[in-house]
Amino acid sequence: MEKLPALSHLCFTFFLYNFATFVTIPVMVDVIMSAVCPGKDECSLAIYLSGFQQATIGLGSLVIMPLVGNLSDKYGRKALLTVPMTLTIIPLAILAYSRTRSFFYAYYVLKILTSMFCEGSVHCLSLAYVADNVPEGRRASAFGILSGIGSCAFVCGTLSTRFLSTASTFQVATAMAILSAVYMRIFLPDSIINDNLSTPIISKRKLDGIVNPDESDKKMQMFKTMPSIEDMLALLKSSLTFSQAAIVSFFSNLADVGLHASLLYYLKARFHFNKDQFADLMVITGVAGTISQLLFMPILVPVLGEERLLSIGLFFNCAHMIFYSIAWSFWVPYAAAVFSLFYVFSQPCIRSIVSKQVGPCEQGKAQGFISGIGSFANVASPLVFSPLTALFLSERAPFYFPGFSIMCVGFASMIAFVQSLMIRAIAPISSQRVGNCNYMEA
């Protein structure tokens, strides 16, 4: 119970940050289309630009995510949270000022550069923070609640977009991003596992210009703690369950990123959706997901177990993608969105399964590694699905099937589902590694 105030501050920070990022999603397709292809409902250039952006961000995140998680084990979650939450403000502020073609391309470049660090960092570090403060037996429910907070922010953000102009949307997003960073710095207590080895990244002595004689040794120690390829492979081989969860995470993220990169352009070309219809669809998804994660998941995890709940979530994730791909009327996407009642189980379950396979001082490294796997999927997915989407939404399609790329995305999700059936529940091994935190080389 003594950890409750810290977790409540984390949840509120997480809500504010996610609100700032989600509130812009329904309007981004219209902003991109008006900047590069004004007056059109189908534009291959816009799809390729979005795919290139996502792939480049994923490539940067692939390197950064394990590093961020590992450094947070050393320097604390709060110090590492400050950087992505601050950088997120910059591209939002550009579109809050103007959305003309020149400002859009300035946003586009800065979004790529900042998101290499920001994409997934806040989520990864928040999960590690929760793992620091919640016992193993309750982590799946805690991760589900944190995801529910994110879904709630998704609902509030997309619902707000329904009543805001495009200009006001980015102004609100910028203000909320600033508020989240300020709130986190003021109210969130730090969470450091190994106090003896942890040092603030920016200390008062550094600001005063005082150089410690051991400064170079500490810098060398920091670089030694940065994860290498060998460290990542060792983590992957640490248990069969961990490696299976990593495979599931890759294909699940491959499918999710492919869907998000294709769906809005598909709906705009197929049914002429605009920001209001996008917002309505996202509100349905978010409300169903929030109810499921906050109410159903804490009840179902003790009864069914994380492994079985993971398979259920992935099955419905695959099903809802296939429904999108064969949508024959404008109401079908709304019906498919209700499936989020079930498919939202998958990500919290993966994170909880992974969390139980490592020790307390490896939580950041493990969550960073899984986020890195997701970033690798972010690279691969746009390279495969963006050209496919552009082809089948154009007049050059080899046959008429506008949702073909989304059908292929559903097949990727099916692979994750099949792999999840092979994961077997085993006793958590993280408690066996508690001692490792206190015997690291200083």
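Modeller: Let us begin with a network of salt bridges that links R162, D276 and D280. The model is predicted, so local features need pLDDT of at least 70 and side-chain atom pairs count only at pLDDT 80 or more, while totals for chains, interfaces and linings use all residues. Residues are numbered from 1 along each chain as its sequence is written, and side-chain values use heavy atoms, with hydrogens and water left out.

Biologist: What is a salt bridge, and how many does the structure hold?

Modeller: Side chains of opposite charge can pair when their charged atoms come close. The criterion is a side-chain nitrogen of Lys or Arg within 4 Å of a carboxyl oxygen of Asp or Glu. The structure holds five salt bridges. One of them joins D276 to R162, with the closest N and O atoms 3.5 Å apart. This pair links distant parts of the chain, as D276 is in helix α14 and R162 is in the loop between α8 (139-161) and α9 (166-187), 114 residues apart. Helices are DSSP runs (H or I, at least four residues), numbered from the N terminus.

Biologist: Is D276 buried or exposed, or partly exposed?

Modeller: D276 has a relative accessible area of 21% and is therefore partly exposed. The classes are buried, under 20% relative accessible area, exposed, over 50%, and partly exposed in between (1.4 Å probe, protein chains only). R162, at 31%, is also partly exposed.

Biologist: Which residue forms a salt bridge with R77?

Modeller: The partner of R77 is D132, and their closest N and O atoms are 2.8 Å apart. Here too distant parts of the chain are linked: R77 belongs to helix α4 (residues 77-87) and D132 to helix α7 (residues 121-133), 55 residues apart. R77 is buried because its relative accessible area is 1%, whereas D132, at 21% relative accessibility, counts as partly exposed.

Biologist: Where does the salt bridge of E306 lead?

Modeller: E306 pairs with K356, the closest N and O atoms being 2.9 Å apart. The two lie in distant parts of the chain, E306 in helix α15 (residues 306-325) and K356 in the loop between α18 (346-355) and α19 (363-392), 50 residues apart. Both E306 and K356 are buried.

Biologist: Which residues form the nonpolar patch on the surface?

Modeller: A patch takes residues with over 30% relative accessible area and no salt bridge, nonpolar side chains (Val, Leu, Ile, Met, Phe, Trp, Tyr) being joined within 5 Å. The members are I145, V287, I291, L294, L295 and F296, with about 460 Å² of accessible area together. Helix α14 (residues 275-304) supplies the largest share, five residues. F296 lies in that helix, α14, and counts as partly exposed because its relative accessibility is 38%.

Technical notes. Patch = residues over 30% accessible without salt bridge, like charges linked within 9 Å, V, L, I, M, F, W, Y side chains within 5 Å. Areas by Shrake-Rupley, 256 points an atom, 1.4 Å probe, with all protein chains shown as cover.
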